[in-house]
Amino acid sequence: MAIRIQQYNTGPRRIGFGGIDPGYQQPRIGNVAATAENQLAGTILEAGKELTNIAIKEYVSTETTRVSQALLAMQKELSAERDRYMAENQGQNAIDAGQHFQKFARETAQKYFQEGGFSGRFAEMFNKQAAGTALHFTEQGQAYGRQQKAAWEDSVITGDIEDFQSLAAQNYNNPELIEFNRSALRERIENMRPGMDNRALLSRIDEGAAESIISGYLSHDDIKGARGALNEYRGLLGDKVNAVELQIRNRADALEAKARAEAEQRTREFRAEQSLNIVSMFKDDPLSGVSELLTPEGRKKYGLDAVTAKSTIDMLRAQDSQNKQQQKEFNSRYTDQTINAAYMVLVGDPQKGISPDPAMAFSIIDNSALDAVTKIEAKQKLEAGTFGKTRNPAKVNAMASAIISGQDITDGTITSMMARGEASSSDVSNLKQLKKDMDGPLNGYFKRGKELADTAFARPQFAAGTPEAAIKEDRARAQINSLIREAYKKGGDEGVEKLFNSDTLFNVLQGNMPNLQDQLNNINGIINISPDTNQQLKRKAGESPESWWNRVGVNNE
């Protein structure tokens, strides 16, 4: 890169410095008498003086700035030390804060003075300001030390007072020990706070001690002792007398209420034990116990008041209900197991090599403890070879409706239908499955399906109340339940809702509606039987189709 050289095409400029003109000399009109040489010398002297004044001002400015800089650095270091010391030292550890701050300020000022190398008026300037800063810093330390000393002393005194009050509460009934410690505490406080007016503090100690003694009695539920202490130390409590009296009264009321509650609890427990003993005594025949307790003689015999007698009677009745429920469940299991056992023996099990044994099935029923009606009908069906094969659609339909309606139907009740010829073995299995499904998510859907069927088959129709109608209603309900199960299996709740919103269920009901041919078939059946039987098979006025079928269905099979 080429070097550019300044080209000067003009003549030399006139450079002025003060009153000196280095260019062309011009005669001075103001001093005609002086020679040119004298004028030049005077001008140079004036310029020298002006340069000296400028240099002095610059020196003063520089040194003053250095002094300020050193003072600022000193102040920052003092502030940092103050924050550090206060963060690390509190209470007893900060008692000598004034001395520490004074020493640190003196050493810090000396350090910055030496580093600055100030002299003359600038040394005086630094020392004057540094002394003021150090004095203020020392006063901060002294104030902090006094504050922390006071806080430490207050903490110690507060702890002493709390310990004394705790001792007074724990040894509320030992006045000698309390007085000994009270005197010792008062002496320590006087020594810790010499020359100070400690009357208010000592009064507070006495007041707290009196309260602690009374609280000690109250904590031990000694109301008499608390009232005695109140009378003895009333003068020490000052304006707290009324509050302490209220405290004693409230505690006395609470103890009385507690005593009453405990007595009532003991009475309740005693009565409950009486009731339980009597219920246990009449466990197998609770109603005989009820009859006895309903008489004055019976209540007197067992030492029961009217209230206890009533609760005992309620418990006996509850026990009777429980006994009946347990017996019902037992009967249900027994019926279910007995009839199932007879059926399994009747049909055999080819896979296990068990041959059918009608005689053994008959023996199981004959030797069982089944109710008389079920036993007779079961033996008749076994003798006729129709056990587990015949069915009464109306009965099956009625049982399904009862299950869906939420009635308490046991497995034994369902199984007994097979013994009486009211349901086939497959009907029994289906009804038991329906009972299980009603305990699950299909409950509501089966009820909705039942409502549809009830509505459809309740309307006037051909062959209403005939066996044909019962068969079709039974089939329709079974198909609806089957569709609901399948829809839920494939699509959950959404799938079932789609089923109800479609025409599928309506088509099922419509396809199973009784028709004119069903009515004709029923008439032909009536014509072909004897007049006496015909009269028996006629529906009575007001008799429902289901009641009619229950009455005549078995004999007409």
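1. Angles under 35 degrees count as roughly parallel, those over 145 as roughly antiparallel, those from 65 to 115 as roughly perpendicular, and the rest as oblique. The angles run from 0 to 180 degrees between N-to-C directions, and the axes are lines fitted to C-alpha atoms, for helices over the stretch in contact. Helices (H or I, at least four residues) are DSSP runs numbered from the N terminus.

2. This is a predicted model, in which local features need pLDDT of at least 70 and side-chain atom pairs count only at pLDDT 80 or more, while totals for chains, interfaces and linings use all residues. Residues are numbered from 1 along each chain as its sequence is written, and side-chain values use heavy atoms, with hydrogens and water left out.

3. Helix H4 (residues 175–192) packs against helix H5 (residues 199–219) at an angle of about 155°, and their axes lie 11 Å apart; H4 and H5 are therefore roughly antiparallel to each other. On the H4 side the contact (heavy atoms within 4.5 Å) involves Ile178, Arg182, Leu185, Arg186, Ile189 and Glu190, which meet Leu201, Leu202, Ile205, Asp206 and Ile213 in H5. By class, the residues of this contact of H4 with H5 are 7 nonpolar, no polar and 4 charged, where Ala, Val, Leu, Ile, Met, Phe, Trp, Tyr, Cys and Pro count as nonpolar, Asp, Glu, Lys and Arg as charged, and the others, Gly among them, as polar.

4. H4 also packs against helix H3 (residues 120–170), here at an angle of about 175° with the axes 10 Å apart, and H3 and H4 are therefore roughly antiparallel to each other. Among the residues making this contact are Ile157, Ile161 and Phe164 of H3 and Ile178, Arg182, Leu185 and Ile189 of H4. The contact of H3 with H4 divides into 11 nonpolar residues, 1 polar and 4 charged.

5. Helix H6 (residues 223–237) and helix H7 (residues 241–281) pack at an angle of about 175°, with their axes 10 Å apart, which makes H6 roughly antiparallel to H7. Their contact includes Leu230 and Arg234 in H6 and Glu245 and Ile248 in H7.

6. How many cavities of 30 Å³ or more does a search of the whole structure find? The search finds 1, a cavity being a set of points, on a 1 Å grid over the protein atoms alone, where a 1.4 Å probe fits but cannot get out, with lining residues having an atom within 4 Å of a point. The largest cavity holds about 40 Å³ of space, a volume being the space filled by probe spheres set on the points, which are joined across faces, edges and corners. Its lining includes Ile404, Phe446 and Arg477, and H16 gives the most to that lining, with 4 residues.

How values were computed. On a 1 Å grid over the protein atoms alone, a cavity is a set of points where a 1.4 Å probe fits but cannot get out, and a pocket is an open set with protein on both sides within 12 Å along at least five of seven lines; lining residues have an atom within 4 Å of a point. Helices (H or I, at least four residues) and strands (E, at least two) are DSSP runs, numbered from the N terminus.
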